[in-house]
Amino acid sequence: MRIDYTNFESWLAVLLACIATGVWRLVGVIFYNRIKEDGLLIKWINGVAYSMVAAVMMMILVYPSGVLSTTMVEDRLIALAIGIISMIFLKKLLYSILISMVSFALLVNYF
Amino acid sequence: MYLRGIIDAINVPGFALGSTMMGFSIIAKEAGFNIWMVMLTTASVWGMPGQVAFASLYAVGASLFLIFIAVTLANMRMMLMVISGANILNIRKFKVPLWKKIIIFHLMAITSWAQIGFMKDQIKDEDLISYYSGFSITIFTFGILGTLIGFYIGDFISNEFLRVLIFITPLYILLLVVNSKDRTNRLAVYTGGFFAIIFYPIAGTWSILISGILGGSLSTYLYYKK
């Protein structure tokens, strides 16, 4: 059953969500000023950042919620693979996205 | 360069992000947000996974404490993104006023971060900050517009169309990061994506943190072993 929040609680929730994100950005700025540039640590942080971004995106693609979950996981992964292969061969971001998007639309609606 | 940033943003990234925010707005409306709450959330949080976690928990009536913890965890990667982004932009080398720094780091989110990583070799260091400013402010405008449109359009647009729109954002960002010039980062993308698929069924949203650390450490280790 759904519990309704009071007006005050709703706005407090928005404020908390805002603080929960802002705090990390602030910590990032403070940390950056203490880290040596071009060192191993920054190399590792970059690696983890890239890895995490890929993880978030793969999570959205493989285990989606909302409207995207009405499509099949095979279709999403095939369209992604088409996009990556196009990117490797064509080296053009816009074309690769268009090719992958059109393939996805066709797969989802006609196969 | 500021203008080039704007032009690059009024392209796939702007529309991709606008449609993602439309998607968020539709979820949030279902959860019971009013228009001002949705708009303020997009503007102040400015990080998709945290926003979605927020709206999903709000929808089931979770306690405010749980919402706070979930959003905190979902957006922990902002810290790494800010450190990495400040490094790409070479913030320390240039005298950037405090107010500008606040805007730069507030707007630092996946799309703009991935874009500067992608453009770093094509633009001179001293121009990158103004390129980033133009790009990220435009992206932000698209995000806000997408949120506004999404709140009202959900009833008019068909799911067949919407799901293709929502597919663009993860696709766009994966293609950007997979094409990173740095071999270590490229390897980190493949390993992180692979680990996320394996760990998500076991660890839920924790899998992002686990995959990130495992993938990032593995790729850095392999790079230095050579």
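**Figure 1. Contact between chain B and chain A.** In this view, 75 residues of chain B are in contact with 63 residues of chain A, two residues being in contact if their C-beta atoms, placed from the backbone, lie within 7 Å. Helix α10 (residues 159–178) of chain B gives the most to the side of chain B that touches chain A, namely 16 residues. Helices here are DSSP runs of H or I with at least four residues, numbered from the N terminus. Sorted by class, that side of chain B has 45 nonpolar, 27 polar and three charged residues. Ala, Val, Leu, Ile, Met, Phe, Trp, Tyr, Cys and Pro count as nonpolar, Asp, Glu, Lys and Arg as charged, and the others, Gly among them, as polar. The model is predicted: local features need pLDDT of at least 70, side-chain atom pairs count only at pLDDT 80 or more, and totals for chains, interfaces and linings use all residues. Residues are numbered from 1 along each chain as its sequence is written, while chains are lettered from A and ligands numbered from 1 in the order in which they are written.

**Figure 2. The largest nonpolar core.** A nonpolar core is a set of buried Ala, Val, Leu, Ile, Met, Phe, Trp, Tyr and Cys residues joined through C-beta atoms within 7 Å. A residue is buried if 20 or more other C-beta atoms lie within 10 Å of its own, exposed if 12 or fewer, and partly exposed in between; C-beta atoms are placed from the backbone. The largest core has 104 residues, of which A:Val53 and B:Val177 touch the most other members. Helix α2 (residues 40–62) of chain A gives the most to this core, with 15 residues. Leaving out residues up to four places away in sequence, A:Val53 touches B:Ile110, B:Ala114, B:Ile173 and B:Val177.

**Figure 3. A:Leu80 and its contacts.** A:Leu80 is part of helix α3 (residues 73–90) of chain A. This residue counts as buried because it has 24 C-beta neighbours inside 10 Å. Not counting residues up to four places away in sequence, A:Leu80 touches A:Leu61 and A:Ser100, as well as B:Leu171 and B:Leu174. A:Leu80 and A:Leu61 are 19 residues apart along the chain, and 9.0 Å separates their C-alpha atoms.

**Figure 4. A:Val108 and its contacts.** A:Val108 sits in helix α4 (residues 93–110) of chain A. It is partly exposed because 19 other C-beta atoms lie within 10 Å. Neighbours within four places in sequence aside, A:Val108 is in contact with A:Thr71, A:Asp75 and B:Arg163.

**Figure 5. The two domains of chain B.** The domain assignment gives domain 1 (2–180) and domain 2 (182–226); such bounds come from an automatic or database domain assignment. Seven residues of domain 1 of chain B are in contact with seven residues of domain 2 of chain B. On the domain 1 side, α5 (64–74) and α10 of chain B are the elements that give two or more residues. By class, this side has five nonpolar, one polar and one charged residues.

**Figure 6. Helices α6 and α8 of chain B.** Helix α6 (residues 77–89) and helix α8 (residues 110–119) of chain B pack at an angle of about 35°, and their axes are 10 Å apart. Axes are lines fitted to C-alpha atoms, for helices over the stretch in contact, and angles run from 0 to 180 degrees between N-to-C directions. The contact is made by B:Met81, B:Ser84, B:Gly85, B:Ile88 and B:Leu89 of α6(B) with B:Trp113, B:Ile116 and B:Gly117 of α8(B).
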